[in-house]
Every structure is written in C-alpha cells, then in structure tokens.
Amino acid sequence: MLYFSVPLGKLVRRVSRLRGGGSALPGLVVEKIDPGFMQRTLSTLPLGVAVVSGTNGKTTTTKMVVELLESQGLKVFTNRTGSNFTRGVAAALLGEVDMLGRLDADVAVLELDEAHAVHFVNKVPPRYCLLLNVLRDQLDRFGEIDKTAELLQHIAAKTTGTVVLNREDPRVARIADSLSTGSLSGPEVRYFGLDDSLLSTFPNDDEMRAAPGSPVPPAPAKPAADVVLRRVGADDADFEYDGATVSTAMKLRGVYNIFNAAAALTLARAITGARGTGTDHAGLLTALSNVAPAFGRGESLVVDGLPLELVLVKNPSGFRLGLKSFPAAGYATMIAINDNYADGRDMSWLWDVEFDTLRDGGVDQLTGSRAYDMALRLQYDDVAIGAVDTDISAALAAFIGGSRDKPKRIFCTYTAMLAIRRELSKITTVEVVS
Amino acid sequence: MTPASPETPHGLSFGHELPPEDSAAPSKGTIRVLQLYPRDMNIYGDWGNALVLAQRLRWHGYTPELLEYNVGDEFPTGVDLIVGGGGQDSGQLVIQDDLLSRETVLKELAEDGTPMLVICGLYQLFGKFFKTRTGSVIPGIGILDVETQGTDERLIGNVSVASPEFGTVLGYENHSGQTTLGPGVTPLGTTAKGTGNNSSDGQEGARYRNIVASYLHGSLLPKNPALADFLIKTAVERKYGSFTPGTPDDSFAVLAREHAARRPR
C-alpha cells in the first residue's frame with residue numbers, strides 16, 4: 001500500500017488541479033489509503049516541524065518565518081497554498097515529495113487553523129510552535145475565545161522543543177503556566193513582546209472597553225522576551241534581542257504585521273539556534289526587511305496608476321488595527337462585508353469596531369452580502385456613506401470609476417476579498433507591486 | 001460632516017465612545033442609560049445595543065447619558081434604562097458574586113417598571129439559576145421566572161422571531177445554555193428560524209414588566225428599531241410623563257433587515 005500511496009496521491013493531485021479543484025481531495029485520498037504518510041514523511045526532517053497558529057496573522061507570520069529560515073540556507077517545507085488544515089498539509093506534502101515519498105527539506109513550517117492544529121499535533125507532535133493571539137474571530141465556529149485558548153494550549157502541550165508565546169496576549173501568555181517547563185520532558189518557552197509605549201495600540205479583547213487614553217492596568221511582572229518590538233516607524237522598525245536594539249527597514253505595512261515580525265524572528269532564532277552552526281544575524285535582518293505582505297494582508301495593487309490597497313478584516317481587533325494602521329486621509333474607501341462560513345455569519349463583531357476615524361472622509365462604497373449591516377453600523381457612528389450595493393462586481397466598478405484620481409483602500413472580509421481580486425483582474429490591469 | 005472627536009488626538013481610539021453631539025436643537029430631557037458589566041459581559045457586540053439606545057435618544061430629541069456599572073463600582077442613582085450583555089464562562093464567573101450583591105437594587109428597579117434589555121449571559125443570570133453541565137448550580141438574581149440548563153449542544157446561527165409586540169425580531173444566537181420559562185414570564189416570541197431559548201419549545205426570549213430578555217446578538221437593537229424605541233419610549237414616559245418621538249431615518253435598518261432575513265441559518 002505504502003508504495004502506491006504517493007504516486008496515487010500525486011496523480012489525484014494533478015487531476016484535481018486540472019479540474020480546478022481545491023487542495024483537500026488529494027490529501028483526503030492519501031489519508032485514507034496511507035494514514036501514516038504525513039507523520040512518516042515529516043518525521044524525517046532534521047529540524048522537525050514548527051506549527052504557527054492563533055487568530056490573526058498566521059499567513060503573514062508563516063511566510064516571514066519561512067523567508068527568515070531560507071536566509072539561513074535552510075530548505076523549508078510549508079503549506080503555501082493557504083490550506084491551513086491537516087488535509088491541506090498532506091496535499092502540499094504530496095506536491096513536494098519525490099515518487100518514493102521523500103521530502104527534501106530541513107524543517108517544515110506550517111500555518112494551521114486553531115481547531116485543525118489540534119488534530120494535526122495529535123498525529124504529528126511538532127518540535128516548535130508559535131502561538132500568536134486569541135481574538136474574537138468566528139465565534140460561531142469555535143464557541144468562545146476561552147475555548148480557542150484551550151485549543152492553543154493543546155498545541156503547546158504536544159510541542160516537544162520550544163513553545164513561542166505572545167507575552168502581551170494574556171490568554172496566550174498564560175499557556176506557559178500549564179506546561180511542565182523546567183522538567184526534562186517539558187518544552188522550553190520563549191516569548192515575543194512589545195515595548196510598553198506600543199501596548200495601547202494592541203488592545204486585547206478584555207481591554208477593549210477601557211476608555212481611550214486611560215492607562216493600561218499594571219500587568220503582573222512580565223517574563224523576559226526573546227525579541228521585543230520597540231518602535232514602529234513609517235517604513236522601519238526597532239527590534240531588541242540579545243541585549244541590543246537594531247533598526248531595520250520594513251516593507252510590511254501595519255503595526256500588527258510588524259509585531260508578527262517579532263514573533264517570526266523569535267521562532268526563527270529558536271530553530272537556527274538548535275541547528276548548532278550558529279545564526280547569521282545580518283542575514284535574518286535583511287530577510288525580515290524584505291518580507292512582503294501575504295496575499296490580501298495589506299497588499300498594494302496599482303489601478304489607474306494609483307495604489308489600491310486590500311486590507312483583510314476578520315474580527316474586531318483586526319478591523320480596529322487595520323483602521324489605525326492605514327489612516328484614511330487622502331484615500332477613497334470601500335468596505336466589503338460578506339457573511340459566508342469562512343467570514344463568520346454573525347455580524348455582531350462590526351459593533352465592536354469604532355469607525356470614528358472614517359468620519360472625516362466618509363466611506364465611498366459599501367458592498368458584500370451584509371453591506372446594509374455595515375451601512376447601519378456606519379450610520380450609528382455618524383460616518384457618511386456614498387453608495388451601497390450588495391453586488392461586489394458592480395460596487396467595485398462604481399468605486400474605481402468614481403475615484404479615479406485618488407489612491408484607494410478596500411477593507412474586506414475573506415470571501416469578499418477573493419471576489420474583489422477576481423473582479424480586479426477583469427476590469428482593469430492589476431499589477432502586483434509588493 | 002461631523003469633525004473627528006477632539007478627545008482622540010490622532011483620531012484613533014480603541015475604547016468605545018459616542019460620536020460627538022451635533023444637534024443644536026434644545027433637548028427634550030436627559031435619559032440615563034446604564035450598561036451592566038460592560039467590561040466583563042460584552043462579547044458579542046453588546047456595545048451596539050448601548051450605542052443604538054444613545055443615538056436614537058438623540059434622534060428623538062433627548063440627551064443620553066451613558067453610564068457603566070462594573071464589578072465593585074458604586075451603583076448609580078437615577079437610572080432610567082438598563083442594558084446588559086453576554087459573556088464567556090470566565091466573564092460570568094467574574095461578575096457572579098457582584099451581581100448577587102446587587103439583587104435588591106436591580107429587583108426594585110425591575111418591579112418599578114424600569115426598562116431593561118438583557119442579552120444571553122445576563123438573561124440567564126437575571127433568571128433563577130444556571131445549572132452547569134457538571135451539575136453545579138450558579139444562582140441568578142431571580143428577577144425573571146426562568147431556569148437555564150447548560151448542555152453540550154451549542155445553538156448557533158441566524159434567528160427570526162415572530163413577536164406579538166415587536167413584529168419580526170432578527171438576530172443571531174450562540175449559546176449552549178437552554179432556558180425554560182416559568183409562568184411568571186411570557187416569551188418574547190416564537191422562532192420562525194433558529195432555535196431560541198431551548199431546542200424543544202420553539203420560544204425565544206422572555207418578557208416581564210418592562211424587561212426584554214433575549215439570546216439574540218447581531219447586535220439586537222440596530223436591526224430591531226421597534227424594540228429599541230419601546231425601551232426608549234418607556235424610559236421617557238416614566239421620567240417625563242409622555243414621549244414625543246423624533247424622526248430617525250431607518251431606511252438602512254429596513255434594508256439590513258431585508259437582507260438579513262434572506263441569509264441562511
């Protein structure tokens with residue numbers, strides 16, 4: 001059976017690609033006929049498997065970790081297709097292994113959805129995990145955020161080497177208490193952290209209701225972090241590690257992306273440190289400064305010679321950070337809100353975001369299946385609305401046609417973003433600049 | 001267009017605030033709206049309900065005064081309207097003892113006819129008790145004759161309720177507690193889509209005096225202006241004797257309702 005599973009899986013993969021199908025089917029096939037395939041293949045990697053999970057920023061952070069490790073000469077296997085579930089990993093593996101099932105890589109860095117990560121780590125205990133945050137995302141899927149924190153805790157408990165935690169997210173930082181660290185069997189814990197001056201820009205959901213400008217409540221003594229983000233500039237940032245602060249240029253936009261760079265740096269340092277041949281620090285920094293945003297995560301396209309930015313918004317914290325990171329002045333703004341399963345069906349989250357930053361310029365166009373929920377939300381924040389059209393292609397055409405002389409920004413939920421990208425490729429020349 | 005709020009130097013804020021008042025018309029009166037436990041019981045857009053009450057009060061020509069009551073605070077006086085939301089299990093644990101210590105004042109206000117909206121977690125805790133899956137009993141403050149049993153089944157999805165008082169009420173439910181009504185309350189309505197109080201009797205929410213209790217998020221009030229205006233009208237009439245409505249523009253609410261009603265469960 002074993003000898004047939006890889007060629008057969010590869011064949012299914014090729015056929016399903018030809019048919020324009022998703023990445024899950026070949027994974028399903030190989031899982032059925034050879035349940036040990038994924039575990040067996042990944043266990044051969046000399047530096048093991050690293051799992052990246054959390055509510056926000058998995059895709060960009062995983063991309064950063066991969067590029068950082070590649071700067072160190074490592075061969076990295078990753079699930080680039082955005083298939084952040086177990087079968088997606090199996091499918092991605094099928095694409096990379098040779099006909100004998102061998103994977104030519106030093107380490108695997110895998111982005112996994114919280115719930116699927118639990119299934120994955122039960123099959124393949126990772127050597128490393130990086131846990132980013134627990135935010136209010138798609139509660140209709142996971143129930144409650146404490147439940148999501150439990151999922152992440154399970155990932156940490158299955159990790160054999162190093163657990164990297166967000167020091168500033170109480171639900172994530174608390175995971176350290178549950179691990180038998182210090183014992184021979186327990187994993188090592190490392191943190192990434194933020195300078196106190198940046199804390200107020202990263203409200204967790206518990207602090208969300210604190211009045212603006214009110215002091216952040218004194219935190220219990222914080223553990224030392226391996227990497228601390230000290231400052232974020234317009235196109236650069238300062239990171240502190242190994243007792244020194246270094247400045248580096250950044251292509252990434254958005255303060256939350258740059259905090260995730262600190263996360264990626266911490267994980268990459270743990271992995272390269274374990275290699276035993278030392279870390280090329282200058283190479284890591286160069287790679288960090290060159291990381292471009294992942295698909296739809298603050299990506300900048302060019303339409304009519306002017307930038308058009310796509311900002312993915314999935315939950316209240318992400319939307320608030322998006323509004324903060326990308327100031328509205330001078331831009332035409334569109335918001336596209338869908339409520340398909342991948343977006344989350346509950347619209348309550350829109351009411352946890354404040355839209356006062358859009359009050360000066362208003363919003364030019366609203367679209368998506370829940371465009372009128374968004375219109376109602378903006379009405380209650382006294383934000384002027386140009387036009388509403390639930391049809392995404394019509395709305396996008398009107399938005400672009402109506403604001404030809406201005407740079408444009410679209411805040412969109414996941415499935416709305418996919419639709420917008422499809423439309424952009426039809427109605428104008430889309431050049432990906434970063 | 002309204003200028004950016006001066007309190008937020010970069011036009012940025014993460015706490016919730018009311019938009020600045022921009023009406024020059026004289027106020028018909030002030031209504032004190034109390035948010036119960038906004039710090040710990042705010043998980044599904046509960047700010048939306050407080051914001052809608054405050055903004056609609058303005059649109060009706062009144063001045064809202066938004067107050068917060070959190071664990072350990074002094075309980076404010078002169079409260080005209082109360083709104084409270086849902087929390088996670090951890091949030092409910094945090095507020096539980098404090099809520100019991102406020103049983104007397106909340107009961108007095110309720111019996112006196114103060115309009116209140118309690119959603120999800122506070123709906124359950126305004127009842128007699130919540131019995132967890134493991135059998136332990138969390139006492140409620142017993143304002144509402146309802147009992148809740150924790151289950152392993154999570155009731156999730158869009159809900160449409162036929163309410164004799166408010167017409168079609170639209171929202172979104174997400175709860176594992178199943179609530180049964182006693183003879184001392186009436187249901188808010190019967191579910192046309194979704195589950196509501198429990199998976200057996202087809203009822204959603206509870207009504208008692210001027211209290212509206214419901215499992216529905218969404219947030220509930222934005223897409224159900226009839227319900228919001230009932231709470232406002234009741235508060236104003238109790239304080240000033242009569243209510244003179246303004247003319248809020250509900251055209252987006254009407255369209256949001258139409259589109260929401262067509263979405264799958």
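Mentor: Two strands are paired if DSSP finds at least two bridges between them; strands (E, at least two residues) and helices (H or I, at least four) are DSSP runs numbered from the N terminus. This is a predicted model, in which local features need pLDDT of at least 70, side-chain atom pairs count only at pLDDT 80 or more, and totals for chains, interfaces and linings use all residues. Residues are numbered from 1 along each chain as its sequence is written, while chains are lettered from A and ligands numbered from 1 in the order in which they are written.

Trainee: What is the strand order of the open sheet in chain B?

Mentor: The 6 strands of chain B run in the order S2-S1-S3-S4-S12-S11, with mixed pairing. Strands S2 (63-69) and S11 (206-208) of chain B are the edges, since each pairs on one side only. On average, neighbouring strands of this sheet are turned by 15° against each other, direction ignored.

Trainee: How do you know that S3 and S4 of chain B are paired?

Mentor: S3 (residues 81-84) and S4 (residues 116-119) of chain B are joined by 3 bridges, and the definition asks for at least two; the pair therefore qualifies. The two strands run parallel, and B:Gly84 has B:Val118 in S4(B) as its bridge partner.

Trainee: In which sense does S12(B) pair with S4(B), and in which with S11(B)?

Mentor: S4(B) and S12(B) are parallel, with 4 bridges, and B:Met116 stands opposite B:Ile211 in S12(B). S11(B) and S12(B) are antiparallel, with 3 bridges, and B:Ala206 stands opposite B:Ala213 in S12(B). S11(B) and S12(B) also form a hairpin with 2 residues between them.

Trainee: Which way do the residues of S12(B) point?

Mentor: In S12 (residues 211-214) of chain B, B:Ile211 and B:Ala213 point one way, B:Val212 and B:Ser214 the other, and all are buried. In a regular strand, side chains alternate between the two faces of the sheet.

Trainee: Why is B:Tyr37 called buried, and what is B:Arg209 called?

Mentor: A residue is buried if 20 or more other C-beta atoms (placed from the backbone) lie within 10 Å of its own, exposed if 12 or fewer do, and partly exposed in between. B:Tyr37 has 26 other C-beta atoms within 10 Å, so B:Tyr37 is buried. B:Arg209 has 16 within 10 Å, so B:Arg209 is partly exposed.

Technical notes
Axes are lines fitted to C-alpha atoms, for helices over the stretch in contact, and angles run from 0 to 180 degrees between N-to-C directions.
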